[in-house]
Amino acid sequence: MRYLRVVLLVFAKDFREEIRRKENIASSLLFAFLSLVLFAFALDPTQVDLNTTGSGLLWLIILFAGSLFMGASFRKEMEGGTLQALLLSPVDRSAIYLGKFLVNLAFLLLLEALLLVFAFLLLDFRTGAVLVPLALCWLAVTVGYAALGTLFSALIAHVHGGQVIYPILLFPVLIPLVIAAATLTQDALAGRPVLGSQWLRLVALFDTLFVTASVFLFEYAVEE
Amino acid sequence: MADAAPTLSVQDLKKRFGYVTVLDGVSLDLHPGELVLLLGPNGAGKTTLTKVLTTLTRPGGGGLRQAKDVLKFRGAPLGAENRSEFLSQVGYLSHQSFLYAHLTPEENLRFFGKLYGMGDLEARITRLLEQVGLSSARRKPVATFSRGMLQRLSMARVLLTDPSLLILDEPYSGLDPAGSRTLTRLLAGLKAEHRALLLITHELEDCLPIADRVAILHRGRIAWSADAAGLTLEEARARYFEATGGEDRT
C-alpha cells in the first residue's frame with residue numbers, strides 16, 4: 001500500500017510540476033504539430049495514400065516528440081538537486097521510477113490522441129471504425145516506449161550534455177518496437193485483425209521485458 | 001557523550017574517482033547531542049564525504065568495499081537491512097536546495113513529508129515555515145525566492161522529517177546576519193534535543209561556540225581534530241592554517 005502511495009505521490013508531483021513548467025509539454029507538442037504540418041506540405045495526397053503509408057510517419061513523430069519530453073524527465077530533477085532528495089528518501093527507488101513512468105505514459109497517450117486529431121484535420125488520416133484496435137495497439141507500444149524512455153532518462157541525468165546522447169542511446173533499442181508499431185498501425189488501418197497477431201504478442205513481450213528490467217535496473221541507473 | 005553508541009560512525013573511508021583520491025582513510029564518529037564542525041579548504045573532499053555519509057555515493061577505491069564495511073548506524077553496519085531506517089533518520093542540507101522551483105514551499109514540504117510517511121503534516125509545515133520566517137511566502141513559487149529564502153526553506157525541509165542525524169553542508173551560505181543568528185540558535189536547539197550534527201562551514205565565529213568537536217579535512221584526510229571546549233577562535237584559525245598550509249581562508 002505504501003509502495004503504491006509513493007508511486008502516486010511522485011506521479012501527482014511530476015504532473016503538477018509539468019503543468020506549471022509548461023516548457024517540456026509545449027516544446028514536445030509544438031514539435032509534433034510542426035512535423036505534421038511539414039508532412040502535410042511535403043506529401044501530395046493525390047500521389048500518396050496516407051492511410052497506408054502514414055503509420056511510419058506518425059510513429060517517427062511520436063518517437064521524436066516523445067523523446068523531447070521524456071529526456072527531461074530526470075534531467076529536470078538535477079536543477080535543484082531534487083533527484084538526490086528523492087534518492088535520500090526512505091522509499092523503494094523503483095516506486096520513484098514507476099511514478100515517473102506513469103507521467104511519461106500519460107503524456108505520450110495525450111500526444112498520440114492529439115496527433116490523431118491533427119492528422120485527420122491536416123492529412124485526412126481516417127481511423128474510423130478501426131479506432132479501438134488501433135488505440136489498443138498504440139497503448140501496448142507506448143507502454144514499452146515509456147518504460148525504456150524513463151529508464152534512459154535516469155541513465156543520462158548525471159551526464160553533461162545528456163540531452164544530446166539520449167536519443168542516440170534510446171532509438172537503437174527501440175527499433176523492434178517501432179517496426180512493430182508501424183506494422184500494427186498499418187494492419188489496423190487496413191482492417192486486418194491485429195488483436196492476437198504475432199506483432200502484438202511481440203510488443204507484449206517487449207513491454208513485459210522493458211518494464212520489469214527497468215524496475216530492477218533503475219537503482220543502478222541513478223547511482224552517481 | 002563519547003560513551004553512548006555513535007549515531008553514525010565511519011572508519012577508514014576511502015573514495016577515489018578514477019585516478020584521483022578524494023577521501024583517503026577518513027574516520028569519524030557522530031554521537032547523539034554532539035555537534036562536529038568540519039572545516040577544510042575547497043577541494044578537500046568535504047562534499048564527497050557528506051555524499052558517502054548519506055549513502056548517495058558508494059565508498060570506493062579500496063577494492064570491493066561497500067557502505068557496510070565503513071559506515072555504522074547506531075552501532076550496526078549500514079546495509080540493505082537498515083538503510084531505510086537510516087535514511088528516515090538523516091537530514092541532509094546540500095549546496096543545492098533540493099526543492100522544486102515550480103512548486104510552492106508548502107507543496108514542496110507536503111511532498112517530502114508524504115514521501116517520508118510523516119503524520120500531522122499540515123501542522124508541522126505551518127510550524128516550520130513560521131520557524132524559518134517564510135509563513136507569508138508559503139504559497140509563492142519557490143522559483144521567485146532569493147538565495148537566503150531558499151536556504152531557510154531548505155532547512156525547513158531538512159527538519160520536516162524530524163531527523164536524529166543532520167549533515168549540513170554550508171548552511172550559512174546566502175543568509176544575512178539576522179538569518180545566521182537564527183540558524184545558530186536553531187542548531188544549538190537541535191543539539192540540545194540530542195540530535196547528532198555534522199556541520200561543514202567556514203563561519204567559525206557563529207559555529208565555534210556551539211561546537212563540541214572541530215575537525216579539519218585536508219586532501220582527503222582528517223589533518224587535525226580536537227575538542228572545541230576551550231578552543232578560541234584565534235587558536236582554531238591558527239590550527240586551520242597549520243593543517244592546510246593556508247590553502248584557504250576561514
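What follows is a set of questions and answers about this predicted model.

Visitor: Which element of chain A has the lowest mean pLDDT?
Guide: Chain A averages a pLDDT of 90, and 99% of its residues score at least 70. Among its elements, helix H1 (residues 2-21) of chain A has the highest mean, 95. The lowest, at 87, belongs to helix H3 (residues 50-70) of chain A.

Visitor: How many helices and strands does chain A have?
Guide: Read along the sequence, chain A goes α-α-α-α-α-α-α-α-α. That gives nine helices and zero strands.

Visitor: What radius of gyration does chain A have, next to the globule rule for 224 residues?
Guide: Along its principal axes, the C-alpha trace of chain A spans about 60 × 35 × 30 Å. Chain A has nine helices and zero strands. The globule rule gives 17 Å for 224 residues, and chain A comes close to that, so it is as compact as a globular protein of that length, with a radius of gyration of 18 Å.

Visitor: Are H2(A) and H3(A) roughly parallel or roughly antiparallel?
Guide: Helix H2 (residues 23-42) of chain A packs against H3(A) with the axes 8 Å apart and an angle of about 160°. Angles over 145 degrees count as roughly antiparallel. H2(A) and H3(A) are therefore roughly antiparallel.

Visitor: How many residues of the contact of H2(A) with H3(A) are nonpolar?
Guide: H2(A) passes H3(A) in a right-handed crossing. On the H2(A) side the contact includes A:Ile25, A:Phe31, A:Leu36 and A:Phe39, and on the H3(A) side A:Leu57, A:Ile61 and A:Phe64 are among the partners. Four residues of this contact are polar and none is charged, which leaves the nonpolar ones at 11.

Visitor: And H7(A) with H9(A), is that crossing left-handed or right-handed?
Guide: Helix H7 (residues 131-155) of chain A and helix H9 (residues 198-221) of chain A have their axes 9 Å apart, at an angle of about 20°. Under 35 degrees counts as roughly parallel, so these two helices are roughly parallel to each other. Their crossing is left-handed.

Visitor: How many charged residues sit in the contact of H7(A) with H9(A)?
Guide: From H7(A) come A:Cys137, A:Gly144 and A:Thr150, among others, and they meet a set in H9(A) including A:Phe206, A:Asp207 and A:Ser214. The residues of this contact divide into 18 nonpolar and three polar, with the charged count at one.

Visitor: Over to chain B. Which element supplies the largest share of the side of chain B that touches chain A?
Guide: Here 23 residues of chain B are in contact with 19 residues of chain A. Helix H3 (83-89), strand E6 (90-93) and helix H4 (105-115) of chain B each supply at least two residues of that side. By class, the side divides into 13 nonpolar, nine polar and one charged. The largest share, four residues, comes from H4(B).

Visitor: How many residues in the contact of H4(B) with H5(B) are charged?
Guide: The axes of H4(B) and helix H5 (residues 121-131) of chain B come within 10 Å and cross at roughly 130°, so the two helices are oblique to each other. Among the residues making the contact are B:Glu106, B:Arg110 and B:Lys114 of H4(B) and B:Arg124 of H5(B). The classes are six nonpolar, one polar and, for charged, four.

Definitions and conventions. Residues are numbered from 1 along each chain as its sequence is written. Chains are lettered from A and ligands numbered from 1 in the order in which they are written. This is a predicted model: local features need pLDDT of at least 70, side-chain atom pairs count only at pLDDT 80 or more; totals for chains, interfaces and linings use all residues. Axes are lines fitted to C-alpha atoms, for helices over the stretch in contact, and angles run from 0 to 180 degrees between N-to-C directions. Angles under 35 degrees count as roughly parallel, over 145 as roughly antiparallel, 65 to 115 as roughly perpendicular and the rest as oblique. A crossing is left-handed if the near helix is turned anticlockwise from the far one by less than a right angle, and right-handed if clockwise. Two residues are in contact if their C-beta atoms, placed from the backbone, lie within 7 Å. Ala, Val, Leu, Ile, Met, Phe, Trp, Tyr, Cys and Pro count as nonpolar, Asp, Glu, Lys and Arg as charged, and the others, Gly among them, as polar. pLDDT is the predictor's confidence in each residue, from 0 to 100. The radius of gyration is taken over C-alpha atoms; the globule rule is 2.2 Å times the number of residues to the power 0.38.
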